[in-house]
Amino acid sequence: MSSRRFGSQSLVRLLGHWQQASSRTPLWRQLADALRLLILDGRLALNTRLPGERELAAALDVSRTTISSALAHLREEGYLESRQGSGSRAILPDSRAVPTLSTASAALDLSTAALNAGPEIHQAYAHALTALTPNLALTGYDQLGLPALREAIAARYTARGLPTRADEVMVVNGAVSGFALILRMMTGPGDRVVVDHPTYPLAIAAIQGALCRPVGVSLPETGWDTDGFAATLAQTAPRLAYLMPDFHNPTGRCMDAATRQTITHIAAQTRTTLIVDETMVDLWFDAPPPPPLAAFNPEAAVITLGSAGKSFWGGLRLGWIRASSRTIATLAQTRDTLDLGSPVLEQLATLWLIENSETFLPARRKMLAERRDRCGQMLREHFPEWRFQEAEGGLSYWIELPGMLATQLAARAETTGIIMGTGTRFGLSGAFDRYLRMPFSLKPPELEEALLRIKPLWLALNRSTLPVKRSLV
């Protein structure tokens, strides 16, 4: 199998602040732990070839002995494979599968923000099976989606303040798949795509997978930086801008109506197409979000992504695109090169869930709000140095640590069977190493068990990194 080479500077950026100068852990072991974490959370793709030892030692400003010891340790553990003349490439031990939700469930997984299926999912599939019979007389290939489902999705947008017809909706295999389809249609290699910074990791991966360049606009402490957004569009002339205004992942904040008006005005003026990800739109706690961005300025080109994954269940693997009928028709032609449509049974199940959502979504939101509050209490009790703001919706907290310690903490936690979501996953070029995303979607007892196991790791790490205070005599 062919492998691609990872540049030393790119690897340095991904590693972030891996080195603990005052720690008793040998430097080679710290490096091995940080590299293992990159492999496990997917930031260092499997089969990627690492730089040579001499080059890596120079880039990290450590001895070659440190590098060779770290790589040798990872080879022994089964995370690297080395061949004479071709360097080392990232692999997983034979005893470990590629990290997925199913394999992560064996550990305590704090890297995934999602809920298990509720009883309504079984009801939806039971109903879908009874509704499947008329569809068996058809081929099952439909690039746009079942008409009844597209009508139901359109009706939801209309009820939220964005008049929509069924021919302005396409059903796809999840929001990320829809985003990849849009990138395939609208971008080419080297095009720039503006994103919030931080942002959703799989959006970054989709942009880079399309050979485009993500350009970040930093989020301020609250809200969005509309001036920075306008300046970035003017300076970089991006092909697209990708935003998550509804309970943004990972920060949990919601864009207010005035900001939506400003953002769409900027997009219309610069003729920049906005890709708006509404994956979290149903997961509000105190009040529903404002109308969709596309409702604020008819002159702005806005393509909206929706998903059944967070609102209902990730296993449905179903999403949708809302855009002008002309854009939908063009997307259907582009989709010919990717797939032939979405599964009919899942579409029928999603249709039932949409039609009956008000019978179970309020209870789902109430449960999440209670878990958010309980998670906040536990974090304040066990980790008083961690700073976070109350999430307005969604599934997680965005936590600021007192130093660049996220990678180091996650590396230590992984050795004890806890998988953590470091801030660097949500940033460009290794940014946000002082942040963690902490999901509150877990059941409180499971979350508390994870936090209690992390606590001594944090205390030891914090003691080894904080400067020693000298008293004046």
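**View A. Pro-250 in its loop.** Pro-250 lies in the loop that joins strand S7 (240-243) to helix H11 (257-270). Here helices (H or I, at least four residues) and strands (E, at least two) are DSSP runs, numbered from the N terminus. The peptide bond leading from Asn-249 into Pro-250 is cis, and its omega is near 25°. A word on what you are looking at: this is a predicted model, in which local features need pLDDT of at least 70, side-chain atom pairs count only at pLDDT 80 or more, and totals for chains, interfaces and linings use all residues. Residues are numbered from 1 along each chain as its sequence is written, and side-chain values use heavy atoms, with hydrogens and water left out.

**View B. Phe-247, between S7 and H11.** Phe-247 sits in the loop between S7 and H11. Its phi is near 55°, a positive value in a residue other than glycine. Phe-247 counts as buried because its relative accessibility is 2%; buried means under 20% relative accessible area, exposed over 50%, and partly exposed in between (1.4 Å probe, protein chains only).

**View C. Arg-317, another positive phi.** Look for Arg-317 in the loop between strand S9 (302-307) and strand S10 (319-322). Arg-317 is not a glycine, yet its phi is positive, about 50°. With 47% relative accessibility, Arg-317 counts as partly exposed.

**View D. Leu-428 and its contacts.** Leu-428 belongs to the loop between strand S12 (418-422) and strand S13 (435-439). Leaving aside neighbours within four places in sequence, Leu-428 is in contact (heavy atoms within 4.5 Å) with His-197, Ile-204, Pro-214, Val-215 and Gly-216. Val-215 is 213 residues away along the chain, but the C-alpha atoms of Leu-428 and Val-215 are separated by 8.3 Å.
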